[in-house]
Amino acid sequence: MSKELLRNIYMKVRHINDVSVNHFADSTSGCDATGVQFGVLRNIPPESSITMSELKDKVKCAASNMTTIIRRMEKQKLVVTFKNSTDMRQTMVSLTEKGLDVRNTMEVTYQSFLLDMYGVLSDAEQETLNSLLKKIEGNLKNK
């Protein structure tokens, strides 16, 4: 294994991540929600609700960050929160009509972004890339 090759791979992965995050932020700049908020909206069932804990796990963020994000989204009228009637310790989150509209609008932008990012690869190349990234991810989880 070449140390320089491994360093180059690491630097390319970092660079691709940074550029893609910026590109997605640019592509959603005119929307009524940020890219992070869109990620939250995508994980709330459209016709029901989800606990804050479940949402935190799906979005993979800290509980305090999720609370801050949801509070901002409530102010923007994208979501509503309420206590679970069967377990008052749980806070539930549901989409508002506006939240669903924003989610649907941003989904089109998101799909276009994904196609722009990964459409340069053939289906087989996409499968290979996904497989390799899963392998690296699995190795990191074992550390």
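Is Asp 57 buried, partly exposed or exposed? Asp 57 is partly exposed, because its relative accessible area is 46%, between the 20% and 50% cut-offs. The model is predicted.

## Helix α5

Helix α5 covers residues 97-118. At 1.5 Å a residue, its 22 residues should span 32 Å, and the end C-alpha atoms lie 31 Å apart, so the two values agree.

Gly 99, Leu 100, Val 102, Arg 103, Met 106 and Phe 113 are the buried residues of α5. They pack against α1 (3-27), α2 (35-42) and β3 (91-95).

## Packing of α1 on α5

Two packed helices are described by the angle and the distance between their axes. The axes of α1 and α5 cross at roughly 145° and come within 10 Å. The crossing is right-handed.

On the α1 side, Ile 16, Ser 20, His 23, Phe 24 and Ser 27 make the contact. On the α5 side, the residues are Thr 109, Tyr 110, Phe 113, Asp 116 and Met 117. By class, this contact has 5 nonpolar, 4 polar and 1 charged residues.

## Salt bridges

The count of salt bridges comes to 3. One of them joins Arg 42 to Glu 107, with the closest N and O atoms 2.8 Å apart. This pair links distant parts of the chain, since Arg 42 lies in helix α2 and Glu 107 in helix α5, 65 residues apart. Arg 42 counts as partly exposed because its relative accessibility is 35%.

Lys 56 pairs with Asp 57 in a salt bridge, the closest N and O atoms being 2.9 Å apart. Lys 56 has 23% relative accessibility and therefore counts as partly exposed. Arg 89 forms a salt bridge with Asp 87, at 3.0 Å between the closest N and O atoms. With a relative accessible area of 73%, Arg 89 is exposed.

Definitions and conventions
Residues are numbered from 1 along each chain as its sequence is written. This is a predicted model: local features need pLDDT of at least 70, side-chain atom pairs count only at pLDDT 80 or more; totals for chains, interfaces and linings use all residues. Side-chain values use heavy atoms; hydrogens and water are left out. Helices (H or I, at least four residues) and strands (E, at least two) are DSSP runs, numbered from the N terminus. The expected span of a helix is 1.5 Å times one less than its number of residues. Buried means under 20% relative accessible area, exposed over 50%, partly exposed in between (1.4 Å probe, protein chains only). Contact means heavy atoms within 4.5 Å. Axes are lines fitted to C-alpha atoms, for helices over the stretch in contact, and angles run from 0 to 180 degrees between N-to-C directions. A crossing is left-handed if the near helix is turned anticlockwise from the far one by less than a right angle, and right-handed if clockwise. Ala, Val, Leu, Ile, Met, Phe, Trp, Tyr, Cys and Pro count as nonpolar, Asp, Glu, Lys and Arg as charged, and the others, Gly among them, as polar. A salt bridge is a side-chain nitrogen of Lys or Arg within 4 Å of a carboxyl oxygen of Asp or Glu.
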